[in-house]
Every structure is written in C-alpha cells, then in structure tokens.
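Student: I have a structure open and would like to learn how to read its features. Where do we begin?

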Amino acid sequence: MYDYDLLVVGSANADLVVGVERRPGAGETVLGSDLAVHPGGKGANQAVAAARLGARTVLLARVGDDAYGRLLLDSQRAAGVDTVGVLVGGAPTGVALITVDPSGDNSIVVSPGANGRLTPQDVRTAASLFLASRVVSTQLEIPLEAVVEVVRSLAPDNRFVLNPSPPRPLPPEVLAACDPLIVNEHEAKVVLGDAYVSDRPEDWARLLLAKGPRSVVVTLGAEGALVASSAGVTRVPSVKVDAVDTTGAGDAFTAALAYRLGSGASLAEAAAYAARVGAAAVTKEGAQVSFPTAEEVDALCCAVPADAASDSGYATGRTPGSRPGSVPGESRRGEAL
C-alpha cells in the first residue's frame with residue numbers, strides 16, 4: 001500500500017506580477033500596477049493541482065527561509081500537499097519577475113534561488129518518499145543533476161513522468177525512464193535537436209520514442225494531445241471552453257495525467273482526463289487558484305477517452321497557440337507543457 005499517489009520533485013517560486021501599459025525599453029522606466037504576489041513554480045503548481053483532484057501528494061523541493069518560502073509552504077498545505085520533503089534554507093526562495101501588458105503578453109525574469117540548490121544528495125536523502133509513492137513527476141526548473149538522481153532513485157514500481165520545461169537536451173538515462181515524456185512543440189524541437197525533421201506531431205512522437213522513452217505525450221493546445229507508445233499513436237480530443245487565463249494549465253495537465261496513471265488508467269484515458277483538467281483550469285484567472293477539484297472536472301462537458309481516434313483518423317493538428325479554446329498544455333507565463 002502506497003502512502004502517496006504522487007511524488008513531485010521540482011521548483012517552487014514566488015511569482016511577482018506587475019501590469020504595465022507597455023514593457024520598458026533599454027534604460028527606460030514605466031509605471032505599473034500594484035504588485036501581486038502568487039505562489040508558483042512548476043513543481044509547486046503540479047503538487048497543488050494533483051492534491052486538488054484528490055491525489056495524496058508529497059512535494060520534494062527547496063525554498064528559502066523567508067516570507068516567500070512561507071507563502072509557498074502555506075499554499076501547499078492549504079491544498080492538502082504533504083510538505084515533509086520541502087527543504088528550507090541554503091538560498092533565498094526562487095522568484096519570477098513578471099510584467100504583463102494589456103494584451104496578456106509578458107516578460108519574465110526568473111531568479112532560481114533555492115531551486116538551484118536542490119542537490120542529488122537532497123534527492124538521495126528522500127529515498128523513503130520514492131518507496132512510498134506510486135508515481136514520480138519532475139520538470140527541469142531544478143538542476144539537471146538532481147533530475148538524473150531522481151531517475152537513479154526510482155523504486156522498482158515507480159512510474160516516472162517528465163515534462164522537460166524549460167527544455168534542454170536530455171541524457172539517455174533520463175529519456176529511458178520516462179513513461180511518459182510530456183512535451184509541447186517547442187520542447188519537442190529542443191529534445192529532438194537535429195532529428196526534428198517533420199511538421200507532423202505524430203512524427204515528433206515517433207522520433208521521440210526512438211530516443212528511448214517508454215511513452216510520449218505531445219500537447220497540441222486547442223487541438224488536444226496525442227499519446228504514443230509501442231502500441232501506436234492515438235489522438236486525444238480537446239475540450240472546448242471559453243479560455244480566460246491559460247496560466248498554469250500545462251502544470252495542471254501533467255499533474256492530472258500522472259495521478260490517473262497511478263490509478264491504473266491507460267495513457268489515452270489519463271490524457272483525456274488531463275485535457276478536462278487543463279480545460280477547467282483555463283476558465284479561471286491565475287495558476288494555483290484556478291486548479292479545479294475533481295467535482296469541477298466531472299461537471300465539465302467534455303470529450304471522453306472513447307472519442308480518441310487512431311493516428312490515421314485525424315489530420316495534422318495545429319501547433320500550440322493562444323486563441324481561446326481548450327489549452328491543455330499551454331501557459332502565457334512560461335509554464336507551457
């Protein structure tokens with residue numbers, strides 16, 4: 001019997017957001033709105049999203065011994081996340097400095113802070129959390145050497161989920177453990193490198209599989225997603241909603257997919273549920289505050305796994321964009337899936 005459905009190893013940031021009429025040029029000062037401070041970071045976001053859905057969730061991360069660190073710990077605990085794995089100290093809490101103009105476009109500067117101090121030794125010390133968890137999920141807002149140690153620390157029955165964001169080339173050891181690797185178009189390009197030779201998402205998925213992952217999920221914005229494994233490639237339709245704010249939708253998608261996989265769902269079933277969660281998240285403003293409960297997801301009119309069709313039954317989907325609709329894997333604050 002596992003103590004946790006999901007162990008998230010990743011980043012925890014304070015998002016400092018200021019609205020501006022226009023972003024300043026070099027050497028220029030502009031006035032902005034009142035400062036808004038929100039808990040964020042891909043790891044913290046995913047942990048909250050999973051817990052809101054009812055998953056027994058634990059977070060392994062590092063924050064500073066400061067007000068922002070306390071904000072992040074409070075937000076995790078309020079959502080029901082176990083923070084036994086959150087380490088405190090070593091550097092100030094990571095911060096994302098975000099300016100947003102009236103169109104919703106933004107500029108972001110991230111100071112990793114304590115996130116950059118999450119070490120392989122920290123991961124090894126948390127070995128009991130791996131043994132107690134069904135699924136382990138991580139991202140790339142922590143040092144790559146820590147991600148490699150996550151793979152080496154996996155218990156025999158752990159299922160490993162990776163969203164390589166922000167993207168970078170990945171060592172074969174990490175790719176081979178992914179089940180699935182979750183990417184959008186931009187992340188697929190970076191991971192594939194010179195092998196990115198097609199405009200078809202189905203081809204991206206097959207090329208990624210050839211690099212070693214056990215399965216792959218490609219998110220396609222308003223066109224839903226596709227899943228790929230040795231059994232073939234399957235499209236998962238999107239859920240049509242009126243999008244208000246796509247911030248954090250990709251993190252909600254990843255968390256929901258990881259949770260459902262741990263519950264025994266097939267990859268296509270888990271991706272279809274994750275699309276519903278991502279769609280529900282974009283109907284509200286903000287990241288963590290927008291993440292739905294299981295009841296809210298169940299109430300959403302949506303496509304079901306049975307609607308998924310094989311590769312041959314669909315035309316090539318559009319690449320991720322910003323138009324309104326279901327956005328299961330996209331964020332305008334750098335949190336794209």
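Tutor: We begin with a definition: a polar contact is a pair of N or O atoms within 3.5 Å, and within protein one of them must be able to donate a hydrogen and the other to accept it. Keep in mind that this is a predicted model.

Student: With which side chain does asparagine 45 make a polar contact?

Tutor: The partner is the side chain of glutamine 288, at 3.0 Å. Asparagine 45 itself sits in helix H1, which covers residues 42–52.

Student: Is asparagine 45 buried or exposed?

Tutor: Buried means under 20% relative accessible area. Asparagine 45 has a relative accessible area of 0%, so it counts as buried.

Student: What about leucine 207: buried, partly exposed or exposed?

Tutor: Leucine 207 is partly exposed, because its relative accessible area is 28%. This leucine belongs to helix H8, residues 201–210. If neighbours within four places in sequence are left aside, leucine 207 is in contact with Leu192, Ala195 and Val197. Leucine 192 and leucine 207 are 15 residues apart in sequence, and their C-alpha atoms are 7.4 Å apart in space.

Student: How do I describe two helices that pack together?

Tutor: Two packed helices are described by the angle between their axes and the distance between the axes. Take helix H9 (residues 249–262) and helix H10 (residues 267–281): the angle is about 145 degrees and the axes are 8 Å apart. Their crossing is right-handed.

Student: Which residues of H9 and H10 meet?

Tutor: On the H9 side they include Ala252, Phe253 and Leu257, and on the H10 side they include Leu267, Tyr273 and Val277. The residues of this contact divide into 14 nonpolar, one polar and one charged.

Student: Next, the strands. In what order do the four strands of the open sheet lie?

Tutor: The order is S3-S2-S6-S7, and the pairing is mixed. S3 (36–40) and S7 are the edge strands; each has a single partner strand, so one side of each lacks a neighbour in the sheet. On average, neighbouring strands are turned by 20 degrees against each other, direction ignored. Helix H2 (residues 67–79) packs on this sheet and touches S2, S3 and S6, and its direction makes about 55 degrees with that of S3.

Student: In which sense does S6 pair with S2, and in which with S7?

Tutor: S2 (residues 13–19) and S6 pair in the parallel sense over seven bridges. There, alanine 14 stands opposite valine 95 in S6. With S7 (residues 106–111), S6 pairs in the antiparallel sense over six bridges. An example is alanine 96, whose bridge partner in S7 is valine 110.

Student: Why is S6 called largely enclosed?

Tutor: Because five of the seven residues of S6 (residues 94–100) are buried, the strand is largely enclosed by the rest of the structure.

Student: How many residues of helix H5 are buried?

Tutor: Seven of the 10 residues of H5 (residues 144–153) are buried, so this helix too is largely enclosed by the rest of the structure. Among them are Val147, Glu149 and Ser153. The cover over the buried residues of H5 includes strand S1 (4–9), helix H3 (120–125) and strand S8 (133–138).

Note on methods:
Residues numbered from 1 in each chain as written. Predicted model: local features only at pLDDT ≥ 70, side-chain atom pairs only at ≥ 80, totals over all residues. Heavy atoms only, no water. Helix = DSSP H or I, 4+ residues; strand = E, 2+ residues; numbered from the N terminus. Buried < 20%, exposed > 50% of the residue type's maximum accessible area, 1.4 Å probe, protein only. Axes fitted to C-alpha atoms, helices over the stretch in contact; angles between N-to-C directions. Left-handed = near helix turned anticlockwise from the far one by under 90°. Contact = heavy atoms within 4.5 Å. Nonpolar A, V, L, I, M, F, W, Y, C, P; charged D, E, K, R; others polar. Pairing = 2+ DSSP bridges.
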